[in-house]
Structures are given as structure tokens and as C-alpha cells.
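Subject: Structure for your review

Dear colleague,

Please find below the structure that I am handing over to you. My notes on what was found in it follow directly after.

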Amino acid sequence: MGCAGSTPEDEHTRSIDKELEKEKLNRTRTTTIFMCGTGESGKSTIVKQFRLKYDAPYSKEDRVEFRSIILSNTIQSMVAVLDAMPDFEIKLASHQELDWSNQILDEQHTVGEQPSESFIASLGNLCKTLAVKECLKRSSEFQLNDSAPYFFENFERFSRPDFLPTDDDILRSRVRTVGIREERFNVEGRVFKILDVGGQRSERRKWIACFENVDVLLFVFAINEFDQQLREDETANRFTEAETLFESISNSLWFTQSRLILFLNKIDLFAEKLQRKQLKDFFPGFGQPNTLEFGLDYMQGRVLSLYRGERRPYSHFTQATDTKGTQVILAAVQEQILVNLLKGAFLV
């Protein structure tokens, strides 16, 4: 005679088992990357590079949205420059330039999606003044977006009615990361889940929510900031802050089973700074010629010496705004991660 049919309870149990098996399979196919570092180190720019490499290109609608962000970044940068000028005894050259400056300072808080033509003209004119260019040379002495020179040099293009941001424009735009942002990218049949967090001190207490089940700890360290102060605490040196943070988090018990990858970022700005400043004035232990090669080698050794874990860390010199160079590095990182997966380093 035939066997008794399965009950609704049996079907429900099998359904739950299938879902659990599916969830387990998804976990084994997902690599969680916790990306951290101090504020303005370039973390979100790296995430944008991941998108350019592994996701769909920015759509026209996406690019239109970035127009207002780029304009806002340019205005904020110009206000910072104008506010800093008196501290350096830099003066605008004429009454006309002073009028342009006053308009920017007076109307900065009322600018929305459609600033007036006269405001745009004043902003564009100020970008070309000698006083602004002179103040930019002292940018490490006050709080200024790293991309300010780029914004000023390209503002004529930005101000055109038909302006549509390029990938380079988008990479240089900045929106402060608040809280925790999750991005997912499909990479050769796997999912890279990237957790991007705000790096300011006030944001770090939220990081603990990301600490469990991290496969890769990716720390972004801006090596050009050795002569700059924190935006949130101008008594604290940015480089020293980054060293303290790197030492603390890379040696945390939370990440003993995680692979460590270090991005020594902003090497372009580091190279520019070496032309004007001597590393030995900031690091008495540096006794080599003040060249990029020796400077990079010193920075890499100095930062990696803070890591006391047993697993060999991977480190890369990066310029996050350089798409071609960063894409090569991301390919290397992808290979490093996948090789470690094959070795069983990330088994769930």
C-alpha cells in the first residue's frame, strides 16, 4: 500500500531547512570588508572606485545629482579660503575682488539648486585671483577640502548650464559619511560587502556594530597629513591620530581572524608636499634624502610597525582619485582576497 503523505508541518520544516541552507550558502559566498580610517582619509572615494570597477557606470541621473554636491563643495572651499586670508595677511587686489568676496560670504547660506548668475560669476572670478592661489599654497595650515584646487581650476566648466560631472569630478566630490553605509559588489561569483564608516571621532563609537564576522579589515591612511590638524580638534595632528587609530584597531581582538589590508593613500599630495617641506622636520627618525622613494618607504615601515598580528598584512600606495592606478590596485586586492579564500582563510 502507499506511504502516508507529508503533513503541513513537514513541508514547513523543509521550507525552513531550505532557507537556512540558502542563507548559509550566501554567507560562504560573501566577503565582508570593513573599511575604516580617520575622517577625510579617502575611504568613500575608494568605495566609488569599487563601483566604477565592479558595478554599473554612473547614470545621467546620478551625474545630475552630483552637480549640486560639486557646487556646494566649491562654495565651501572658497569660503574657507576667504576666511583664512586675514590669518596669513593675504589681501585681495582690488575693490572689485573685494565685492566678489563679500557676495560669496554674504550669500553662501542662501544658495540652493539655482544660485544667481552674479553669484556664479563672482565665484568664478575669485577662482582666478592671485590672492586665492596664494592662500591655497598654505592649505595645510587651515581646514580645506583636498580637492579645492581642482574645483577652482575647473569651475568654468562646472558653471555651464549643460555641465554633466565626469567620473573624475564625482571622485573628487565630497559628502561627509555619517553612520554606516553598506555597498555590495559582485566579483567573480562572490559578493564583496563593503562597510564604509565615518572617520571623525564622533562617528567611531558606531563602528562596533560592524566588528563581527569581518573577513577583511581595510584601513585607509592619508600619508600626506603629517603637517595638518584634525578638523574636529585643531590641537591634534592628523597623522598622529591615524597612527593611534591604526594601532588600536589593527591589533584588536575583534580582527585576529581578519585579513589586514592597508591603503597608504594620497601619495600625489604627499609628493607635492615633499617639494616644499622636509620630512625630518616632522619625523626626527627620518634620516634619508627627502625624495618620494625614501619618503614612501619610511611611511610604509612606520605604519606597519604598529601592527603586531601574526598574519602578514598587505599594503598598497594609492591615489584614490586616480582611476587607472586604483583599478590596478583593486584588481590586486581582489586576487589577494580570493587566494586567501582558496587557502581557507575566510571559511565561515
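Helices here are DSSP runs of type H or I with at least four residues, numbered from the N terminus. On that basis, Val333 belongs to helix 14, which spans residues 323–342. Please bear in mind throughout that this is a predicted model.

**Overall composition**

The chain contains 14 helices and six strands. It has 348 residues, of which 48% count as buried. Considering contacts between residues at least 6 apart in sequence, 73% of them join residues at least 24 apart.

Is Val333 buried or exposed? Its relative accessible area is 2%; because buried means under 20%, Val333 counts as buried. Apart from its neighbours within four places in sequence, Val333 is in contact with Ile261, Phe263 and His316. The C-alpha atoms of Val333 and Tyr314 are separated by 8.5 Å, and these two residues stand 19 residues apart along the chain.

**Helix 5 and its two partners**

Two helix pairs involve helix 5, and I describe them in turn.

Helix 3 (residues 60–84) packs with helix 5 (residues 117–127) at an angle of about 60°, and their axes are 11 Å apart. That angle makes helix 3 oblique to helix 5, and the crossing of the two is left-handed. On the side of helix 3, the contact is made by Leu71, Thr74, Ile75, Met78 and Leu82; on the side of helix 5, it is made by Phe119, Ile120, Leu123, Leu126 and Cys127. By class, the residues of this contact comprise nine nonpolar, one polar and no charged.

Helix 4 (residues 95–107) also meets helix 5: their axes come within 9 Å and cross at roughly 125°. Helix 4 and helix 5 are therefore oblique to each other, and helix 4 passes helix 5 in a left-handed crossing. Helix 4 contributes Glu97, Trp100, Ser101, Gln103, Ile104 and Glu107 to the contact, while helix 5 contributes Ser118, Phe119, Ser122, Leu123, Asn125 and Leu126. What is the make-up of the contact of helix 4 with helix 5 by class? It has five nonpolar, five polar and two charged residues.

The axes of helix 11 (residues 238–250) and helix 13 come within 10 Å and cross at roughly 45°. The two helices are therefore oblique to each other. Phe239, Glu243 and Phe246 of helix 11 make the contact with Met299, Arg302 and Val303 of helix 13. In terms of class, this contact has four nonpolar, no polar and two charged residues.

Helix 13 (292–304) is also included in what covers the buried residues of helix 12. Which residues of helix 12 (residues 267–274) are buried? They are Phe270, Lys273 and Leu274. These residues cover an arc of only 100° around the axis, which puts them on the same side of helix 12.

Most residues other than glycine have a negative phi.

- Glu188 is not a glycine, yet its phi is positive, at about 50°. It is found in the loop between strand 2 (180–187) and strand 3 (190–197). With 64% relative accessibility, Glu188 counts as exposed.
- Lys266, likewise a residue other than glycine, has a positive phi near 65°. Its place is the loop between strand 5 (259–265) and helix 12. With 11% relative accessibility, Lys266 counts as buried.

**Arg184 in strand 2**

Strand 2 also holds Arg184, which is partly exposed, with a relative accessible area of 47%. Leaving out residues up to four places away in sequence, Arg184 touches Thr30, Val191, Phe192 and Lys193. The C-alpha atoms of Arg184 and Ile194 are separated by 6.2 Å, and the two residues are ten residues apart along the chain.

Yours sincerely

Definitions and conventions. Residues numbered from 1 in each chain as written. Predicted model: local features only at pLDDT ≥ 70, side-chain atom pairs only at ≥ 80, totals over all residues. Heavy atoms only, no water. Axes fitted to C-alpha atoms, helices over the stretch in contact; angles between N-to-C directions. Parallel < 35°, antiparallel > 145°, perpendicular 65-115°, else oblique. Left-handed = near helix turned anticlockwise from the far one by under 90°. Contact = heavy atoms within 4.5 Å. Nonpolar A, V, L, I, M, F, W, Y, C, P; charged D, E, K, R; others polar. Buried < 20%, exposed > 50% of the residue type's maximum accessible area, 1.4 Å probe, protein only. Arc of directions from axis to C-beta.
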